[in-house]
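Me: I have a structure open and would like to talk it through with you. Could you start with the whole protein and then go into detail?

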Amino acid sequence: MTILCVRFQLPLTHEAALPGLLGLLEEFTPVVEALPPDGALADLRGAERYFGRSAVELASVIRVRALALHGVDCVIGAGPGPLSARTALRDARPGVTCAVPDDGVREFLADKPVVALPGVGTATARTLCEYGLDTLGRVAAAPLSTLQRLVGAKAGRELHEKANGVDRGRVVPNSVSRSLAAERPFDRDELDPVLHRRALLSAAGELGARLRAVEKVCRTLTLTVRYADRTSTTRSRTLGEPTAHSAALTRTAYGMYEALGLQRARVRAIALRAEALGPAEHASHQLTFDPVDEKVRRVEEVADRVRAKFGPDAVKPGTLAA
């Protein structure tokens, strides 16, 4: 076990603490990949040799330091690769690291539902379950040709490999600063999808305004939905073109939310993150003859000038996108 997947139990309004917590992990290894808004992957191969301790023992030290220095508890999954570590995180609890042995990845995955595998969404899981492939053990035993016929050639091959414990992923060091996030917590666990969409509208409007203020565009949008039982679902989508346009961000956010197929979910908070930021001056824009789209863009320009003159609260985020 050399890879840790750490999820810090941050208060809903304290995402800004994540960079400091990543710094804590970097005291053990420089190979740390941020998983905003509250997680990270850490490759401890070098740390195990240097400190003479296993990854699970180092995980205990990381947990104690996070509590002592930042007042933040965490849950940790450990495994021989990023896939097994992220899957183990689902079974981890505060104070107890869930570890997958190097030679037991396939056995660990066998009884897990297909949605436990990172990258398997609601639609793919529904398709597999319709054919009786409701656990990763059954997926692993299914012929490759069957999986490719159900979910496509590339996706079927990747699914077959992952269900059999083959992990080709690696930890890629990155920086949490190359992203912007907006979170909307609810005063109480919220069931109403109308209020969920209203929160998405507001968060997307805020992100658009902040991106335009720093003259950036984003290529990827990530949605995180936190539930009443402290679990969460995260989905990412690459945009058709890099943008800071609030309406485009809102449409993408709505699409990811609808794809989750939430049924009476008690939602505690919704967060959007704009990732893969780049200079707006280098971004291309597909011309459109839609007068509504052009009108919204002109209104955004006016609203941005109002914010620049009277402050960020002069125009409420989300009032310009629909």
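Reply: Keep in mind that this is a predicted model. Of the 322 residues in the protein, 46% are buried, and among contacts between residues at least 6 apart in sequence, 66% join residues at least 24 apart.

Me: OK, sheets next. In what order do the five strands of the open sheet run?

Reply: The order is E2-E3-E1-E4-E5, in an open sheet with mixed pairing. Its edge strands, each pairing on one side only, are E2 (32-35) and E5 (98-99). Helix H4, residues 82-89, packs on this sheet and touches E1, E2, E3, E4 (74-79) and E5, with its direction making about 140° with that of E4.

Me: And in what sense do E1 and E3 pair, parallel or antiparallel?

Reply: Strand E1 (residues 3-8) and strand E3 (residues 39-43) pair in the antiparallel sense, over five bridges. One place to look is Ile 3, whose bridge partner in E3 is Asp 43.

Me: Switching to E9, how many of its residues are buried, and which strands pair with it?

Reply: Strand E9, residues 267-279, is mostly covered, since 10 of its 13 residues are buried. Strand E6 (residues 179-190) pairs with E9 in the antiparallel sense over eight bridges, with Leu 180 standing opposite Ala 274 in E9. Strand E7 (residues 216-227) also pairs with E9 in the antiparallel sense, over 11 bridges, and here Thr 224 stands opposite Ala 271.

Me: Staying with Thr 224, is it buried or exposed?

Reply: Thr 224, which is in strand E7, counts as buried because its relative accessible area is 4%, under the 20% cut-off. Leaving aside residues up to four places away in sequence, Thr 224 touches Pro 37, Ser 232, Thr 233, Thr 234, Ala 269, Ile 270 and Ala 271.

Me: What does its side chain make a polar contact with?

Reply: The side chain of Thr 224 makes a polar contact with the side chain of Thr 234, at 3.3 Å.

Me: Now backbone angles. Where should I look for a positive phi in a residue other than glycine?

Reply: Most residues other than glycine have a negative phi. Arg 230, with a positive phi near 75°, sits in the loop between E7 and strand E8 (232-243). Ala 276, although not a glycine, has a positive phi of about 55°, and this residue is found in strand E9.

Me: Last topic, H10. What span does it reach, and what caps its N-terminal end?

Reply: Helix H10, residues 193-213, has 21 residues and reaches 30 Å from its first C-alpha to its last, close to the 30 Å expected at 1.5 Å a residue. Asp 192 caps the N-terminal end of H10, with a side-chain oxygen 2.9 Å from the backbone nitrogen of Val 194.

Me: And which residue with a positive phi follows H10?

Reply: That is Glu 215, whose phi is near 55°.

How values were computed: Residues are numbered from 1 along each chain as its sequence is written. This is a predicted model: local features need pLDDT of at least 70, side-chain atom pairs count only at pLDDT 80 or more; totals for chains, interfaces and linings use all residues. Side-chain values use heavy atoms; hydrogens and water are left out. Buried means under 20% relative accessible area, exposed over 50%, partly exposed in between (1.4 Å probe, protein chains only). Contact means heavy atoms within 4.5 Å. Two strands pair if DSSP finds at least two bridges between them. Helices (H or I, at least four residues) and strands (E, at least two) are DSSP runs, numbered from the N terminus. Axes are lines fitted to C-alpha atoms, for helices over the stretch in contact, and angles run from 0 to 180 degrees between N-to-C directions. The expected span of a helix is 1.5 Å times one less than its number of residues. A polar contact is a pair of N or O atoms within 3.5 Å; within protein, one must be able to donate a hydrogen and the other to accept it, and residues adjacent in sequence count only if both atoms are side-chain atoms.
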